[in-house]
Amino acid sequence: MTTSGKLELTIKISELLEATTGENGWESFDIDCDGRIFSVTVKPKVWKKLEDAQANFPMWVAAIAGKMGSPTETGFELSEANSPSATPGRGCSVSTSSCNCGQSTIGPP
C-alpha cells in the first residue's frame with residue numbers, strides 16, 4: 001500500500017543568461033542544478049520580473065516552483081512553472097507566491 005503525495009520542485013536562481021522567445025512571447029531558458037539541466041518556460045510577465053531584478057539589484061534571488069516534467073537528454077523540464085517569489089531579506093521563508101515578510105516581488109537577498 002502506498003501513500004499518495006505531490007512532488008513539487010523549487011529552483012532558486014540569482015543570475016539570468018540568455019533565453020529563447022517562443023510562442024506568445026514565452027521565454028525558455030535552462031538552469032543547471034548540480035549537473036541536472038532543467039528546461040524552464042515562463043510567461044513574458046515573469047521574465048520581465050526576472051530581468052528587472054537583474055537590472056536593479058546587485059544581489060537577488062528568485063525561486064521558481066513547478067512540477068518535474070518530461071525527461072530530456074541532460075535533465076528534465078520544469079512544467080507548470082509558477083511566478084518567481086521573493087527573497088527580500090534575512091529570515092524570510094520563501095513560498096511559491098510570496099514570503100512571510102509581506103513582500104511578493106523579487107528583491108535583494
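Which residues have the most contacts inside the largest nonpolar core?

1. Basis. This is a predicted model, in which local features need pLDDT of at least 70, side-chain atom pairs count only at pLDDT 80 or more, and totals for chains, interfaces and linings use all residues. Residues are numbered from 1 along each chain as its sequence is written, and side-chain values use heavy atoms, with hydrogens and water left out.

2. Overall make-up. The protein chain holds 1 helix and 6 strands. Their order along the sequence is β-β-β-β-α-β-β. Helices (H or I, at least four residues) and strands (E, at least two) are DSSP runs, numbered from the N terminus. Of the 109 residues, 32% are buried, that is, under 20% relative accessible area with a 1.4 Å probe, protein chains only. The accessible surface is about 7,200 Å², and carbon and sulfur atoms own 48% of that. These areas come from the Shrake-Rupley method with a 1.4 Å probe.

3. Core. The largest nonpolar core has 18 residues. Ile13, Phe29, Val40, Leu50, Trp60 and Ile64 have the most contacts inside it. β1 (9-13), β3 (27-33), β4 (36-42), α1 (44-56), β5 (62-71) and β6 (75-79) each supply at least two of the core residues. The top contributor is α1, with 4 residues. A nonpolar core here is a set of buried Ala, Val, Leu, Ile, Met, Phe, Trp, Tyr and Cys residues joined through side-chain atoms within 4.5 Å.

4. Val40. Neighbours within four places in sequence are set aside here. Val40 then contacts Glu27, Ser28, Phe29, Ile31, Ile64, Leu78 and Ala81. Contact means heavy atoms within 4.5 Å. Across the protein chain, 43% of the contacts with a separation of 6 or more are between residues 24 or more positions apart.

5. Sheet. The 6 strands form an open sheet with mixed pairing, in the order β1-β5-β6-β4-β3-β2. β1 and β2 (20-21) are the edge strands, each with a single partner, so one side of each lacks a neighbour in the sheet. Two strands pair if DSSP finds at least two bridges between them.

6. Pairing of β5. β1 and β5 are antiparallel, with 5 bridges. Ile13 stands opposite Ala62 in β5. β5 and β6 are also antiparallel, joined by 3 bridges. They make a hairpin with 3 residues between them. Pro71 has Phe76 in β6 as its bridge partner, and Lys67 faces Ser79 in β6.

How values were computed. Buried means under 20% relative accessible area, exposed over 50%, partly exposed in between (1.4 Å probe, protein chains only).
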